[in-house]
Amino acid sequence: MEGKEEDVKLGANKYSERQPIGTSAQTDKDYKEPPPAPLFESGELRSWSFWRAGIAEFVATFLFLYITVLTVMGVKRAPSKCASVGIQGIAWAFGGMIFALVYCTAGISGGHINPAVTFGLFLGRKLSLSRAIFYIVMQCLGAICGAGVVKGFQPSRYEVLGGGANVVNHGYTKGDGLGAEIVGTFVLVYTVFSATDAKRNARDSHVPILAPLPIGFAVFLVHLATIPITGTGINPARSLGAAIIYNRDHAWDDHWIFWVGPFIGAALAALYHQIVIRAIPFKARA
(Lines give C-alpha, C1' and ligand atoms only; values in the text may rest on other atoms or scores of the structure.)
Protein backbone atom coordinates (compact mmCIF):
# COMPACT_ATOMS: atom_id res chain seq x y z
CA MET A 1 0.00 0.00 0.00
CA GLU A 2 2.86 2.35 0.84
CA GLY A 3 4.39 1.63 -2.57
CA LYS A 4 1.18 2.66 -4.34
CA GLU A 5 0.98 5.88 -2.33
CA GLU A 6 4.57 6.65 -3.26
CA ASP A 7 3.75 6.10 -6.94
CA VAL A 8 0.87 8.57 -6.69
CA LYS A 9 3.11 11.16 -5.06
CA LEU A 10 5.74 10.62 -7.71
CA GLY A 11 3.16 11.06 -10.46
CA ALA A 12 1.89 14.26 -8.85
CA ASN A 13 5.33 15.82 -8.53
CA LYS A 14 7.17 14.42 -11.52
CA TYR A 15 6.15 17.24 -13.87
CA SER A 16 6.77 20.71 -12.56
CA GLU A 17 3.96 23.23 -12.93
CA ARG A 18 6.46 26.09 -13.13
CA GLN A 19 7.97 25.70 -16.57
CA PRO A 20 9.86 28.32 -18.59
CA ILE A 21 8.07 30.32 -21.27
CA GLY A 22 7.77 28.43 -24.52
CA THR A 23 7.46 24.95 -23.01
CA SER A 24 7.32 23.19 -26.35
CA ALA A 25 10.71 24.66 -27.17
CA GLN A 26 12.24 22.23 -24.70
CA THR A 27 13.97 19.34 -26.44
CA ASP A 28 13.58 16.76 -23.68
CA LYS A 29 9.97 15.64 -23.88
CA ASP A 30 8.47 13.45 -21.19
CA TYR A 31 5.58 12.35 -23.40
CA LYS A 32 4.97 10.94 -26.85
CA GLU A 33 3.07 13.06 -29.31
CA PRO A 34 1.83 11.72 -32.65
CA PRO A 35 3.48 13.39 -35.67
CA PRO A 36 1.36 15.95 -37.57
CA ALA A 37 -0.96 14.28 -40.05
CA PRO A 38 -0.07 14.84 -43.72
CA LEU A 39 -2.37 16.97 -45.82
CA PHE A 40 -3.00 14.09 -48.22
CA GLU A 41 -2.47 10.43 -47.42
CA SER A 42 -3.45 8.34 -50.44
CA GLY A 43 -2.52 5.08 -48.73
CA GLU A 44 -5.29 5.38 -46.15
CA LEU A 45 -7.93 5.11 -48.89
CA ARG A 46 -6.89 1.48 -49.31
CA SER A 47 -7.10 0.77 -45.59
CA TRP A 48 -10.13 -0.89 -44.01
CA SER A 49 -9.61 1.15 -40.85
CA PHE A 50 -10.27 4.32 -42.88
CA TRP A 51 -13.63 3.10 -44.15
CA ARG A 52 -14.51 1.55 -40.80
CA ALA A 53 -13.91 4.92 -39.13
CA GLY A 54 -16.26 6.62 -41.61
CA ILE A 55 -18.96 4.02 -40.95
CA ALA A 56 -18.53 4.59 -37.21
CA GLU A 57 -19.02 8.33 -37.71
CA PHE A 58 -22.15 7.68 -39.79
CA VAL A 59 -23.73 5.36 -37.22
CA ALA A 60 -22.80 7.59 -34.27
CA THR A 61 -24.27 10.71 -35.89
CA PHE A 62 -27.37 8.76 -36.90
CA LEU A 63 -27.96 7.67 -33.30
CA PHE A 64 -27.16 11.15 -32.03
CA LEU A 65 -29.84 12.77 -34.21
CA TYR A 66 -32.36 10.02 -33.54
CA ILE A 67 -32.24 10.35 -29.75
CA THR A 68 -31.84 14.11 -29.52
CA VAL A 69 -34.49 15.09 -32.09
CA LEU A 70 -36.95 12.67 -30.46
CA THR A 71 -36.25 14.38 -27.15
CA VAL A 72 -36.88 17.81 -28.66
CA MET A 73 -40.14 16.53 -30.19
CA GLY A 74 -41.25 15.16 -26.83
CA VAL A 75 -40.67 18.49 -25.09
CA LYS A 76 -42.48 20.51 -27.75
CA ARG A 77 -45.36 18.05 -27.80
CA ALA A 78 -45.98 18.29 -24.04
CA PRO A 79 -48.82 20.60 -22.92
CA SER A 80 -46.48 22.31 -20.44
CA LYS A 81 -42.80 22.34 -19.56
CA CYS A 82 -43.59 20.66 -16.27
CA ALA A 83 -45.06 17.72 -18.17
CA SER A 84 -41.77 17.05 -19.99
CA VAL A 85 -38.05 16.97 -19.36
CA GLY A 86 -37.81 20.62 -20.42
CA ILE A 87 -34.71 22.47 -21.61
CA GLN A 88 -32.58 20.70 -19.01
CA GLY A 89 -33.68 17.34 -20.36
CA ILE A 90 -32.85 18.37 -23.92
CA ALA A 91 -29.41 19.51 -22.80
CA TRP A 92 -28.86 16.22 -20.98
CA ALA A 93 -29.94 14.27 -24.07
CA PHE A 94 -27.39 16.06 -26.26
CA GLY A 95 -24.57 15.96 -23.71
CA GLY A 96 -25.31 12.40 -22.61
CA MET A 97 -25.39 11.07 -26.16
CA ILE A 98 -22.08 12.76 -26.98
CA PHE A 99 -20.55 11.21 -23.86
CA ALA A 100 -21.80 7.73 -24.77
CA LEU A 101 -21.00 7.92 -28.48
CA VAL A 102 -17.53 9.43 -28.06
CA TYR A 103 -16.78 6.69 -25.55
CA CYS A 104 -17.94 4.03 -28.04
CA THR A 105 -16.22 5.38 -31.16
CA ALA A 106 -13.10 7.16 -29.88
CA GLY A 107 -10.91 4.13 -30.49
CA ILE A 108 -12.23 3.68 -34.04
CA SER A 109 -12.64 7.12 -35.57
CA GLY A 110 -11.75 9.49 -32.75
CA GLY A 111 -15.43 10.04 -31.97
CA HIS A 112 -15.87 13.39 -33.74
CA ILE A 113 -19.63 13.17 -34.56
CA ASN A 114 -19.44 16.84 -35.57
CA PRO A 115 -17.98 18.55 -38.68
CA ALA A 116 -16.82 21.47 -36.53
CA VAL A 117 -14.79 19.13 -34.31
CA THR A 118 -13.36 17.44 -37.41
CA PHE A 119 -12.47 20.83 -38.91
CA GLY A 120 -10.78 21.99 -35.70
CA LEU A 121 -8.74 18.80 -35.41
CA PHE A 122 -7.79 19.09 -39.08
CA LEU A 123 -6.45 22.60 -38.44
CA GLY A 124 -4.52 21.15 -35.50
CA ARG A 125 -2.92 18.61 -37.88
CA LYS A 126 -4.61 15.68 -36.13
CA LEU A 127 -5.99 14.14 -39.32
CA SER A 128 -5.51 14.39 -43.08
CA LEU A 129 -7.69 16.43 -45.43
CA SER A 130 -9.03 13.29 -47.11
CA ARG A 131 -10.09 11.81 -43.79
CA ALA A 132 -11.61 15.12 -42.65
CA ILE A 133 -13.74 15.41 -45.80
CA PHE A 134 -14.80 11.76 -45.54
CA TYR A 135 -15.80 12.19 -41.90
CA ILE A 136 -17.84 15.32 -42.62
CA VAL A 137 -19.71 13.65 -45.47
CA MET A 138 -20.50 10.58 -43.35
CA GLN A 139 -21.58 12.73 -40.40
CA CYS A 140 -23.99 14.70 -42.58
CA LEU A 141 -25.44 11.54 -44.13
CA GLY A 142 -25.88 9.98 -40.69
CA ALA A 143 -27.62 13.12 -39.41
CA ILE A 144 -30.02 13.18 -42.37
CA CYS A 145 -30.90 9.51 -41.83
CA GLY A 146 -31.36 9.98 -38.07
CA ALA A 147 -33.76 12.90 -38.51
CA GLY A 148 -35.51 11.01 -41.30
CA VAL A 149 -36.25 8.04 -39.05
CA VAL A 150 -37.75 10.38 -36.44
CA LYS A 151 -40.03 11.91 -39.08
CA GLY A 152 -40.99 8.42 -40.22
CA PHE A 153 -42.28 7.65 -36.72
CA GLN A 154 -44.48 10.74 -36.48
CA PRO A 155 -44.70 12.59 -39.83
CA SER A 156 -47.57 14.92 -39.00
CA ARG A 157 -46.32 15.90 -35.56
CA TYR A 158 -42.79 16.29 -36.93
CA GLU A 159 -43.96 19.04 -39.27
CA VAL A 160 -46.08 20.79 -36.65
CA LEU A 161 -43.39 20.69 -33.95
CA GLY A 162 -40.58 22.11 -36.06
CA GLY A 163 -38.56 18.97 -36.70
CA GLY A 164 -35.83 19.94 -34.27
CA ALA A 165 -34.48 22.41 -36.85
CA ASN A 166 -32.19 25.19 -35.65
CA VAL A 167 -33.42 28.76 -36.12
CA VAL A 168 -32.61 32.09 -34.48
CA ASN A 169 -35.45 32.53 -32.01
CA HIS A 170 -37.66 35.62 -31.76
CA GLY A 171 -36.08 38.47 -29.86
CA TYR A 172 -32.58 37.71 -31.11
CA THR A 173 -30.75 38.99 -34.19
CA LYS A 174 -28.72 36.98 -36.67
CA GLY A 175 -25.63 38.50 -35.07
CA ASP A 176 -26.74 37.17 -31.68
CA GLY A 177 -27.19 33.72 -33.16
CA LEU A 178 -23.83 33.80 -34.92
CA GLY A 179 -22.06 34.90 -31.76
CA ALA A 180 -23.75 32.19 -29.70
CA GLU A 181 -22.68 29.54 -32.21
CA ILE A 182 -19.09 30.80 -32.34
CA VAL A 183 -18.62 30.88 -28.57
CA GLY A 184 -20.51 27.63 -27.99
CA THR A 185 -18.43 25.75 -30.55
CA PHE A 186 -15.25 27.30 -29.16
CA VAL A 187 -16.11 25.84 -25.75
CA LEU A 188 -16.73 22.39 -27.26
CA VAL A 189 -13.66 22.21 -29.52
CA TYR A 190 -11.37 23.69 -26.86
CA THR A 191 -12.58 20.98 -24.49
CA VAL A 192 -11.90 18.32 -27.13
CA PHE A 193 -8.33 19.53 -27.61
CA SER A 194 -7.70 19.75 -23.87
CA ALA A 195 -9.23 16.37 -23.01
CA THR A 196 -7.23 14.56 -25.70
CA ASP A 197 -3.93 16.42 -25.35
CA ALA A 198 -0.99 14.00 -25.11
CA LYS A 199 1.09 16.44 -23.06
CA ARG A 200 -1.68 17.00 -20.55
CA ASN A 201 -2.20 13.24 -20.14
CA ALA A 202 1.49 12.82 -19.35
CA ARG A 203 1.71 15.77 -16.99
CA ASP A 204 -1.47 14.82 -15.12
CA SER A 205 -0.99 11.06 -15.27
CA HIS A 206 -1.83 10.80 -11.56
CA VAL A 207 -5.30 12.22 -12.29
CA PRO A 208 -7.51 9.74 -14.17
CA ILE A 209 -9.50 11.49 -16.92
CA LEU A 210 -12.14 9.98 -19.14
CA ALA A 211 -12.07 12.23 -22.22
CA PRO A 212 -15.72 11.68 -23.27
CA LEU A 213 -16.93 12.98 -19.90
CA PRO A 214 -15.73 16.61 -20.13
CA ILE A 215 -16.65 16.68 -23.83
CA GLY A 216 -20.20 15.55 -23.13
CA PHE A 217 -20.46 17.91 -20.18
CA ALA A 218 -19.32 20.83 -22.35
CA VAL A 219 -22.10 20.01 -24.84
CA PHE A 220 -24.60 19.89 -21.97
CA LEU A 221 -23.57 23.30 -20.60
CA VAL A 222 -23.54 24.99 -24.01
CA HIS A 223 -27.05 23.71 -24.66
CA LEU A 224 -28.29 25.09 -21.35
CA ALA A 225 -26.94 28.51 -22.32
CA THR A 226 -27.89 28.75 -26.00
CA ILE A 227 -31.09 26.73 -26.51
CA PRO A 228 -33.12 29.94 -25.92
CA ILE A 229 -31.11 31.73 -28.65
CA THR A 230 -30.69 29.26 -31.53
CA GLY A 231 -31.87 25.92 -30.21
CA THR A 232 -28.10 25.24 -30.06
CA GLY A 233 -26.39 24.05 -33.20
CA ILE A 234 -22.60 23.88 -32.59
CA ASN A 235 -22.76 20.89 -34.95
CA PRO A 236 -23.35 21.61 -38.67
CA ALA A 237 -24.34 18.00 -39.38
CA ARG A 238 -27.02 18.10 -36.69
CA SER A 239 -28.38 21.38 -38.13
CA LEU A 240 -28.22 20.15 -41.73
CA GLY A 241 -29.95 16.83 -41.05
CA ALA A 242 -32.87 18.47 -39.25
CA ALA A 243 -33.16 21.25 -41.86
CA ILE A 244 -33.23 18.86 -44.83
CA ILE A 245 -35.88 16.58 -43.33
CA TYR A 246 -38.01 19.46 -41.99
CA ASN A 247 -37.44 21.51 -45.21
CA ARG A 248 -39.26 24.74 -44.46
CA ASP A 249 -38.18 28.19 -45.63
CA HIS A 250 -37.61 29.60 -42.16
CA ALA A 251 -35.33 26.67 -41.33
CA TRP A 252 -33.12 27.59 -44.30
CA ASP A 253 -33.17 31.37 -43.76
CA ASP A 254 -30.67 31.21 -40.88
CA HIS A 255 -29.00 27.95 -41.84
CA TRP A 256 -25.71 29.59 -42.85
CA ILE A 257 -25.26 30.64 -39.22
CA PHE A 258 -25.02 27.00 -38.16
CA TRP A 259 -22.10 26.38 -40.52
CA VAL A 260 -20.21 29.67 -40.38
CA GLY A 261 -20.48 30.03 -36.58
CA PRO A 262 -19.28 26.53 -35.65
CA PHE A 263 -16.42 26.62 -38.17
CA ILE A 264 -15.20 30.00 -36.89
CA GLY A 265 -15.48 28.79 -33.29
CA ALA A 266 -13.60 25.58 -34.11
CA ALA A 267 -10.83 27.51 -35.90
CA LEU A 268 -10.42 29.91 -32.97
CA ALA A 269 -10.27 27.02 -30.50
CA ALA A 270 -7.66 25.20 -32.60
CA LEU A 271 -5.51 28.34 -32.88
CA TYR A 272 -5.85 29.11 -29.17
CA HIS A 273 -4.89 25.60 -28.11
CA GLN A 274 -2.01 25.20 -30.55
CA ILE A 275 -0.52 28.69 -30.26
CA VAL A 276 -1.28 29.78 -26.70
CA ILE A 277 -1.89 26.68 -24.60
CA ARG A 278 0.72 24.51 -26.32
CA ALA A 279 3.08 27.49 -26.72
CA ILE A 280 4.70 27.82 -30.13
CA PRO A 281 8.48 27.29 -29.83
CA PHE A 282 10.10 30.70 -29.56
CA LYS A 283 12.78 30.22 -26.93
CA ALA A 284 15.70 27.93 -27.64
CA ARG A 285 17.90 26.36 -25.00
CA ALA A 286 21.13 28.18 -24.30
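**Entry 1: helix α4**

How many of the 9 residues of α4 are buried? I counted 7, so α4 is largely enclosed by the rest of the structure. One reminder to myself before going on: this is a predicted model.

I listed the buried residues of α4 by name: Pro 115, Ala 116, Val 117, Thr 118, Gly 120, Leu 121 and Phe 122.

**Entry 2: α4 against α7**

I took α7 from that list for a closer look. Helix α4 covers residues 115-123 and helix α7 covers residues 174-195. Their axes come within 10 Å and cross at roughly 55°. Are the two helices parallel, perpendicular or oblique to each other? An angle of roughly 55° lies between the cut-offs of 35 degrees for roughly parallel and 65 for roughly perpendicular, and α4 and α7 are therefore oblique. I also noted the hand of the crossing, which is right-handed.

For the contacts, I wrote down both sides. From α4 come Ala 116, Val 117, Gly 120 and Leu 121. From α7 come Thr 185, Leu 188, Val 189, Val 192 and Phe 193. Going back to my list of buried residues in α4, I see that Ala 116, Val 117, Gly 120 and Leu 121 are among them.

Is Leu 123 buried or partly exposed? With a relative accessible area of 38%, Leu 123 is partly exposed. Leaving aside residues up to four places away in sequence, Leu 123 touches Ala 267 and Ala 270. I checked the C-alpha atoms of Leu 123 and Ala 270: they are 6.5 Å apart, although 147 residues separate the two along the chain.

Next I moved to Arg 125, in the loop between α4 and α5. Its phi is near 65°, a positive value in a residue other than glycine. I flagged that because most residues other than glycine have a negative phi. Arg 125 has a relative accessible area of 45%, so I filed Arg 125 as partly exposed.

Ile 234 lies in the loop between α9 and α10, with α10 at residues 236-246. Here the relative accessible area is 3%, and Ile 234 is therefore buried.

Gln 154 sits in the loop between α5 (129-153) and α6 (155-160). At a relative accessible area of 14%, Gln 154 counts as buried. What does Gln 154 touch, not counting residues up to four places away in sequence? I found Leu 70, Met 73 and Arg 77.

**Entry 3: rings**

I then turned to the aromatics and got 12 aromatic pairs in the structure. One of them is Phe 64 with Phe 94, an edge-to-face pair at 5.5 Å centre to centre and 80° between the planes. This pair links distant parts of the chain: Phe 64 is in helix α2 (residues 48-77) and Phe 94 in helix α3 (residues 86-105), 30 residues apart. Phe 64 is buried at 3% relative accessibility, and Phe 94 is buried at 2%.

Trp 92 and Phe 220 came next. Their ring centres are 3.9 Å apart with the planes at 25°, so this pair is stacked. Trp 92 is in helix α3 and Phe 220 in helix α9 (residues 212-230), 128 residues apart. Phe 220 is buried, at a relative accessible area of 8%.

I also noted a cluster in which ring pairs link Phe 50, Trp 51 and Phe 134.

**Entry 4: the whole chain**

To finish, I stepped back. The protein chain has 12 helices and 0 strands. Of its 286 residues, 46% count as buried. Among contacts between residues at least 6 apart in sequence, 81% join residues at least 24 apart.

Terms used: Residues are numbered from 1 along each chain as its sequence is written. This is a predicted model: local features need pLDDT of at least 70, side-chain atom pairs count only at pLDDT 80 or more; totals for chains, interfaces and linings use all residues. Side-chain values use heavy atoms; hydrogens and water are left out. Rings of Phe, Tyr and Trp (its six-membered ring) pair if their centres lie within 6.5 Å; planes under 30 degrees apart count as stacked, over 60 as edge-to-face and the rest as tilted. Helices (H or I, at least four residues) and strands (E, at least two) are DSSP runs, numbered from the N terminus. Buried means under 20% relative accessible area, exposed over 50%, partly exposed in between (1.4 Å probe, protein chains only). Axes are lines fitted to C-alpha atoms, for helices over the stretch in contact, and angles run from 0 to 180 degrees between N-to-C directions. Angles under 35 degrees count as roughly parallel, over 145 as roughly antiparallel, 65 to 115 as roughly perpendicular and the rest as oblique. A crossing is left-handed if the near helix is turned anticlockwise from the far one by less than a right angle, and right-handed if clockwise. Contact means heavy atoms within 4.5 Å.
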